[in-house]
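User: I've got a fold on my screen and would like to talk it through. Can you take me around it, a few residues and helices at a time?

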Amino acid sequence: MNWEVIILQNLQSVRTPFLNSLMQSITIMAESIFILLIIAIIYWCLDKKIGTKIAWIVIFNGVVNGVIKNIMRMPRPFERGVVLPLRVETATSYSFPSGHTQTATSFWTSAVLIFKSKSMLIMAVIMSLLTAFSRVYLGVHWPIDVFAGLILGAVWAIIADKIFDPYKGFTKIHLILASVIFGLTIFLPTGQDLANTTSCLLGLVAGCIIEKKYVQFEEKSPPKQQFIKIFLGVISTGILYAGLQNILPELKICEMIINLIVIIWIVAGVPYLFKKFLATK
C-alpha cells in the first residue's frame, strides 16, 4: 500500500469530534475570506504598505499554485476512494500542490520578511505546519501536496518580495504583466480558482495605482474611527459582492470581473469612503 494512503487512512481512524472541529478551524484560517479580512484590516487601519506587500505575496503565490494545479491536474485522495473527506467544500480544484498550505505559508513567510523576528519565525513555522497537517487530516490532500505547498509558499514568497518594493509601489510593468496574465486566463482552459486569483492580482495592482494617484488615504485614526472603518469596509464590500453576484450570470469571465471589481473596491474604493466621509487625516 502506498505510504500516502497509509497516512491518510490512519489519520481517518483516529478522528474525533474535537479533532475534527480543531482541524477545520485551522484550515479556515488559511481560506481566502479569512486571509482577505486580515489583510484588509492591516491595509485600512495599520499600514497600507505592509498590507499591500502581504497581499501581493499571497496573491502571487495563489497564481503560482493555480498554474501548477492546472498543469499537474492531480485528483484528490477522496476522488480516488482512499478516504472520507471533511470540509470537502474547500476542495474546489486539483490536489497538487495544496492551496491552503501554500497560502498560509506565503502569508506567514511575508510576516517574517516584514518583521524579521525570531518569535514571528516560530509562529510562521507552527501555523504553516498546522495548516498542512489539517489538510491531510481532513482527507482533502495527499501528504505530497502539503509538502509542496510548504516549500512553494516559502520560496515564492521570497521571490515575490524581491520583485516588489512597497515603498515604490506598483509600476506600469506590474500593471502590464498582471493584465497579460488576466487576459491569458480568460482564453486558456483554466479552472475558476486560477481565474479568480489572476483577477485579484490585477485588481490589487490597479487598485493600488488608483489609490496612490487619486485617493492617498491615511491609515492612522482614533480607535473609535478605526472600528467604523472596518465596519464600513466590510459591509460595503459584502453588499458590492452580493450585488454583482446577483446581477451577473455564473460564467468564468463574470466571476473574474466580480473579483477584479471587489479587490479594486477594497484597495481604492473603501479608502475613498474613509477620506470622503470620515475625514481621515
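User: Is aspartate 161 buried or exposed?

Analyst: A quick word on the source: this is a predicted model, where local features need pLDDT of at least 70 and side-chain atom pairs count only at pLDDT 80 or more, while totals for chains, interfaces and linings use all residues. Residues are numbered from 1 along each chain as its sequence is written, and side-chain values use heavy atoms, with hydrogens and water left out. Buried means under 20% relative accessible area, exposed over 50%, and partly exposed in between, with a 1.4 Å probe and protein chains only. Aspartate 161 has a relative accessible area of 18%, so it is buried.

User: Which residues touch aspartate 161, leaving aside its neighbours within four places in sequence?

Analyst: Aspartate 161 sits in helix H7, residues 143-162 (helices are DSSP runs of H or I with at least four residues, strands are runs of E with at least two, and both are numbered from the N terminus). Phenylalanine 60 is 101 residues away from aspartate 161 in sequence, yet 9.8 Å away in space, C-alpha to C-alpha. Taking contact as heavy atoms within 4.5 Å, the partners of aspartate 161 are Lys53, Ile57 and Leu113.

User: How does glutamine 9 count on accessibility?

Analyst: Glutamine 9 belongs to helix H1, residues 3-13. Valine 82 lies 73 residues from glutamine 9 in sequence and 7.3 Å from it in space, C-alpha to C-alpha. The relative accessibility of glutamine 9 is 32%, so it counts as partly exposed.

User: What is the relative accessible area of tyrosine 43?

Analyst: Tyrosine 43 is in helix H3, residues 32-46. Leaving aside neighbours within four places in sequence, its contacts include Lys48, Phe217, Ile266 and Pro271. Tyrosine 43 is buried, with a value of 5%.

User: How do H9 and H11 run relative to each other?

Analyst: Helix H9 (residues 192-215) and helix H11 (residues 252-278) pack with axes 8 Å apart, at an angle of about 25 degrees. Axes here are lines fitted to C-alpha atoms, for helices over the stretch in contact, and angles run from 0 to 180 degrees between N-to-C directions. Under 35 degrees counts as roughly parallel, over 145 as roughly antiparallel, 65 to 115 as roughly perpendicular and the rest as oblique. H9 and H11 are therefore roughly parallel.

User: What is the handedness of the crossing of H10 and H11?

Analyst: Helix H10 (residues 223-247) packs on H11 at about 150 degrees, with the axes 9 Å apart. Among the residues that meet there are Leu232 and Tyr241 in H10, and Trp265 and Phe274 in H11. A crossing is left-handed if the near helix is turned anticlockwise from the far one by less than a right angle, and right-handed if clockwise. For H10 and H11, the crossing is right-handed.

User: How many helices are there in the chain, and what is its radius of gyration?

Analyst: The chain has 11 helices and 0 strands. The radius of gyration is taken over C-alpha atoms, and the globule rule is 2.2 Å times the number of residues to the power 0.38. That rule gives 19 Å for 281 residues and the chain comes close to it, so it is as compact as a globular protein of that length. The values are 11 helices and a radius of gyration of 19 Å.
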